[in-house]
Structure formats: structure tokens, C-alpha cells
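Please open the model in your viewer and keep the selection tool at hand.

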Amino acid sequence: MRSAVQSGRCFWFRRWLLPAVFIALALGPVSATPSPKELLAAGRVDDAIQTLEQQLSHSPTDAASFNLLCRAYFMLEEWDRGIPACERARNLAPESSLYQLWLGRIYGEKADHAGVWSAAGLAKKVRTAFERAVELDSQNWGARADLAEFYLEAPGIVGGGQDKARAQADAIAPLNPAMAHWIAARIAAKNHDIASAEREYRAAIAANQSLGRSWVDLAGLLLRNNRLDDMERVLHNFESVPLEQREALRDSASVLLRAGRDFPLAIRLLRRYLSSPVEEGPAFKAHDLLGELLEKQGDRAAAAAEYRAALALAHNYARAQEDLKRVEP
């Protein structure tokens, strides 16, 4: 015969443990600690860097972790710290189109913030990395788009040229028609052909409404040509259009801030964005931008809370540090 204690244990098992087991099986495994990629998507760049450095201390030949570390420093605009990590990823996996692409991107940002002579040398590295990314994966339309931008903006002496940019647009067209129109719009804008640029941006939107970059750049074009009401009408679409490129919500708020127009819309778009941020639009920068908009509306306490939220994700983010000093009593 079982003792009372044994019977009690059996009852406890049936009453509490078995339902818990069934619930656990239904819900699946308990979520693990966020991966570095998930941390970057959430804008938790401090946590991402700490995690990646720990991983690399144990696995110093982990190309994927070096690539993510590079991207973390890219988010922070710390190009000098990010470049060695991107170079290491490329060296460990030289056949990766993705790693070549990110190396080109961080070289490009460094070049944009360098002196004339340093920029020229870096521009050649940008071209080499982007061209190699395309060579390794001809279907990588993101790499082709970045290469097209390089060709469009760089002088001929370092390999730029509008004919080369058009060739990339032609190559992208079967892969992503909207991006091909976007490149054509950028070329037209570069040539001050405003009507053609607007037409191509609208064609890009018609080809893929969820491609947020086209909406934002069309709004920017309208802003530069003082068509402010038209600009607002374009950005109001973001309240209802589902977006593949969610970072466009943040960028659209930035356009409205620069224009000094419809701050309530900009705030709504930012809050929608922050409900599900992505790596391409760092959440700490979105919090800082939201703080600026709230500050413009006179709500210094709410602005300070957003600046603190930015610094909680990236404690060395200089812009948020300065913004917080401005509003703190």
C-alpha cells in the first residue's frame, strides 16, 4: 500500500506538473537568450557587442560573428572600430558576397567622413568590395544597388560613371523591378531632371508599394523642390502601407522633422516603427529622433525619456548624450 505522502506526491504530479508539461509541449521550447543578430535588430547594440566579443574570445575564426560585430559598429558610426571586424570576416570567408558587401559599406561611410586624399583611396576599396560582392552572387540585388550608387556618386577617376550605374539598373530589373526604377530615379535626380526622377520614383512605388526607400526618396525630392503639401501626402501613405523596409518609417519622420511639417504624423510613424524595429534603422537612433520631435512640441520630460531610452541601448551614442544634456534641468 502507498503511504499518504506518496499519494500526495502523485496527486501533486497529476494536479500541477502534468498540465505544465502539456502546456510546455504545446508552446514549444522556452525562448533562448537573444542571438547577436536579434540584438542588433532590436537596436541593443551594447548587448550585441558584448555578446559578440565573448563569442569571438572563444571562437576567433567565426566569420559570421566578425561580420555582425562590424555591423554593430556601423550602427554606432564607429567606422575605425568596425573596419577591422569587417576585414576579418572577409578574410575568413572570402567567397561570401554578404561579407564583401558590408566591407564596402563601411569603407564607404569612412570615405564620406574622411579628407579628400584618404577618401580617394577608400573609394577604390569600396568599388572593389562591391564589385566582388556582385561577382560572387549575381542575384544579390542589394549589392548591385549599392554598386550602382557608388558608380553614380563616385568620380570617374576612382571608377564612377552613370553608364555603369545604368548597367546595374538593367541587371537588377529582372530581379527587382522596383529597385531598377529607384536607380533610374537617382540617376535622373543627379542630372537635375526632376520630372523624370519623380516619374521613376512613382514607377518604383507602383512596382512594389512596400519598398519604403522609394516613398522616402520621393518625399525628399518633393521637399527639395518646395512641394511641401505633396511631400506630406506621400508620407501619409505610411500610416496604412505595409512595408518590407520598415526603416523607412524612421526615415520619413526625419524628412518631416527637416521640413518642419506635421510633427504628430512623424511621432506616430516613429512609434509604429519602434514597436518592431530592424537593424537597418537602429532603434536607439529612432528613440533619439522621437525625442527631438517631442522636444520641438515642448514636451521636454517625454523628450528626455526618449533620449534615455536611446542611451540604454547605446550608452556611447554621442548625439543622444548631447540631446539629453540640453533638456535635463
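How many helices and how many strands does the protein chain have? The protein chain has 18 helices and zero strands; helices (H or I, at least four residues) and strands (E, at least two) are DSSP runs, numbered from the N terminus. This is a predicted model, in which local features need pLDDT of at least 70 and side-chain atom pairs count only at pLDDT 80 or more, while totals for chains, interfaces and linings use all residues. Residues are numbered from 1 along each chain as its sequence is written, and side-chain values use heavy atoms, with hydrogens and water left out.

**The whole chain**

Display the C-alpha atoms of the protein chain: along the principal axes they fill a box of roughly 95 × 50 × 45 Å. Of its 329 residues, 47% count as buried, where buried means under 20% relative accessible area, exposed over 50%, and partly exposed in between (1.4 Å probe, protein chains only). Among the contacts (heavy atoms within 4.5 Å) in the protein chain with a separation of 6 or more, 55% are between residues 24 or more positions apart.

**Helices 6 and 7**

Select residues 97-112, helix 6, and residues 116-136, helix 7. They pack at an angle of about 160°, with their axes 8 Å apart. Axes are lines fitted to C-alpha atoms, for helices over the stretch in contact, and angles run from 0 to 180 degrees between N-to-C directions.

**Helices 9 and 10**

Next, select helix 9 (residues 162-172) and helix 10 (residues 177-190), which pack at an angle of about 160° with axes 8 Å apart. Helix 9 and helix 10 are therefore roughly antiparallel. Colour Gln162, Ala165, Arg166, Ala169 and Ile172 in helix 9, which meet residues of helix 10 including Met179, Ile183 and Ile187. This contact of helix 9 with helix 10 has eight nonpolar, one polar and two charged residues.

**Ala197**

Move to Ala197 in helix 11 (residues 194-207). Is Ala197 buried or exposed? Ala197 is buried, with a relative accessible area of 0%. Not counting residues up to four places away in sequence, Ala197 touches Ala185, Ala188, Ala189 and Leu221.

**Helices 16 and 17**

Select helix 16 (residues 283-296) and helix 17 (residues 300-313), whose axes come within 8 Å and cross at roughly 165°. That makes helix 16 roughly antiparallel to helix 17. Phe284 and Leu290 of helix 16 are among the residues making the contact, as are Tyr307 and Leu313 of helix 17.

**Phe284 and the nonpolar core**

Finally, centre the view on Phe284. Leaving aside neighbours within four places in sequence, Phe284 is in contact with Gly43, Val45, Met75, Leu76, Ala310, Leu313, Ala314 and Tyr317. The largest nonpolar core has 108 residues, and those with the most contacts inside it are Val45, Phe150, Met231, Leu235, Phe238, Phe284 and Leu293. A nonpolar core is a set of buried Ala, Val, Leu, Ile, Met, Phe, Trp, Tyr and Cys residues joined through side-chain atoms within 4.5 Å.

Methods: Angles under 35 degrees count as roughly parallel, over 145 as roughly antiparallel, 65 to 115 as roughly perpendicular and the rest as oblique. Ala, Val, Leu, Ile, Met, Phe, Trp, Tyr, Cys and Pro count as nonpolar, Asp, Glu, Lys and Arg as charged, and the others, Gly among them, as polar.
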